[in-house]
Amino acid sequence: MDSSATTMVDPQSIPIDQIDVSDPKLYQEDAHWPLFERLRREDPVHYCADSAYGAYWSVTRYEDIVAVDSNHKIFSAHHAVMLDDGRHSGQTEDATVMLPFLAMDPPEHDKQRKIVTPAMSPANIAKLEATIRRRVQEVLDMLPIGAEFDWVPTVSIELTAQMLATLVNYPLKDRHQLVRWSDVSVGIPGDGVIDSWEQRDQELKLFAQTFLALREERRAAPPTSDLISLLAHSPEAQDMSIQDYISNVILLIVGGNDTTRNSMSGSILALHDHPEEWAKLNANPALIESMVPEIIRFQTPLIYMGRRATQDVELGGKLIRKGDKVAMWYISGNRDSEAIEHADRFIIDRPRPRQHLSFGFGIHRCVGNRLAEMQLRILWEEILKKGWKRIEVTGPVRRAYSNNIRGIVSLPVRIHA
Amino acid sequence: MPKIRFVQQGTEYAVEAPDGISAMEAALNAGVPGIDGDCGGQCACATCHVYVDPAWMPVVGPADADTEQLMIDLNEGVQANSRLACQVQLTDEMNGLLLLVPDAQF
């Protein structure tokens, strides 16, 4: 399964100041690991003077990432969560501007985040458990035994699409439209999803129209706990601009879709690559509880999050200037052996497995983290009930062309009963 | 070495804690359910939310408005006596301290 890059420069001999970890191709080829290993060792707070997105700092060690992530005053999220900030703040006249609360600072961030928090409360999530379990069972029951199929569309996308439709109370039969919009919103030309920025903008305009109409429908109906109803009825959301509303719907859809989808696929790959962990799991299904956060660490569904310095600040002996872009590479911090023992290994019974960066830290910490964990837990509880001998990865893993979403596009597998 | 008590869904956990560690660390050492401390005590994840028994508030004090309170506010069921256990450094003065773990935290 090793798909080592052949087109890349030698990670050990390239001059350190020429390392640019923002190239999406690195992640498509799964070739970023040695570069980050070198940065953590030699230059953990690293300046890249020239990239497709201009100059930026890379923060690569676990402890430094926690420090940046939890200091929202000095490291602002405002229009800064993506390295490609020009695009996302609307550099072109018709660009779809994205400014969800993820990309805001207090106090506006706090106000908007609180609107959707109730949908992710433990009590509300618990109500979804029976539905999720039934759907997981239905999907697993349909899987072919002994024949090759692609896990990604058949299981990962199917389950997260159904979840998404439930969270926004969208017609279940049209769920794949939500997946398309989610994919398009994080798409970049050449990734196989969209061909041009214009195409992306056009598709997102239809998305915006659809969800503005849905908000009107929800406003005319009594409040429920679905996310659109919360955004339609919450007193704090009444003066939310169309742009803010649409940005937040996209945030919730992407947040609830790509990330969990890729963790589901990643868990199959990780257990294929670590047969001793599969054996442990089968001997003791109670390990699902600690395996779930380990899956999320190991996959690291979001490769990085961006920030912008609001003042000159020293980090790791480097002077970051006011206005500089800073990328927190979660993918690197989650493999930092200074913070996590045997960080390169997938170990389902780690002590303190929730000590990972995948959800971020500080005020922007993932609002749906416990829902994501629940979906993975139920998937694995139901897989183990099947009593399958193993799920073998049979073909090449295809990964997404993205420096933001760590995506698995295709994962051919065969179930051995 | 103060002894403190956590109450989670009606069950009491008495914990003996060395001076200077946080109430979150004390809870983790003793395996008190409902206190996760995902961020390792950096006031960055809000998974160690507790209610301080009102009688103990004068000793424990309120959350810092600029940092801890912003994180507490990510939770449901925030009250005036809400604190993050990782930000409560235990001292001998706190012998007998009573902390309630919210039901909703998991």
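Predicted model: local features only at pLDDT ≥ 70, side-chain atom pairs only at ≥ 80, totals over all residues.
A few ground rules come first. Local features need pLDDT of at least 70 and side-chain atom pairs count only at pLDDT 80 or more, while totals for chains, interfaces and linings use all residues. Residues are numbered from 1 along each chain as its sequence is written, chains are lettered from A in the order in which they are written, and side-chain values use heavy atoms, with hydrogens and water left out.

Chain B holds an open sheet of five strands, in the order 2-1-5-3-4 and with mixed pairing. Strands here are DSSP runs of E, at least two residues long, and helices are runs of H or I, at least four long, both numbered from the N terminus; two strands pair if DSSP finds at least two bridges between them. At the edges sit strand 2 (11-16) and strand 4 (82-84) of chain B, each pairing on one side only. On average, neighbouring strands of this sheet are turned by 35° against each other, direction ignored. Angles like this come from axes, which are lines fitted to C-alpha atoms (for helices, over the stretch in contact), and run from 0 to 180 degrees between N-to-C directions.

Further into the sheet, strand 3 (residues 49-52) and strand 5 (residues 98-101) of chain B run antiparallel and are joined by two bridges. B:Tyr51 has B:Leu100 of strand 5 as its bridge partner. Helix 1 (residues 23-30) of chain B lies across strand 1 (3-8), strand 2 and strand 5, at about 70° to strand 1.

Over in chain A, three strands make an open, antiparallel sheet in the order 4-12-9. Strand 4 (148-150) and strand 9 (390-393) of chain A each have a single partner strand, so one side of each is left without a neighbour in the sheet. Four bridges link strand 9 to strand 12 (residues 412-416) of chain A, with A:Val393 partnered by A:Val413.

How do the two chains meet? Contact (heavy atoms within 4.5 Å) takes 18 residues from chain B and 19 residues from chain A. Together they bury about 1700 Å², 56% of it on carbon and sulfur atoms; buried area is the accessible area (1.4 Å probe) lost on putting two parts together, summed over both. Five salt bridges are counted between the chains, each a side-chain nitrogen of Lys or Arg within 4 Å of a carboxyl oxygen of Asp or Glu. One salt bridge joins the side chains of B:Asp36 and A:Arg370 (3.0 Å, N to O).
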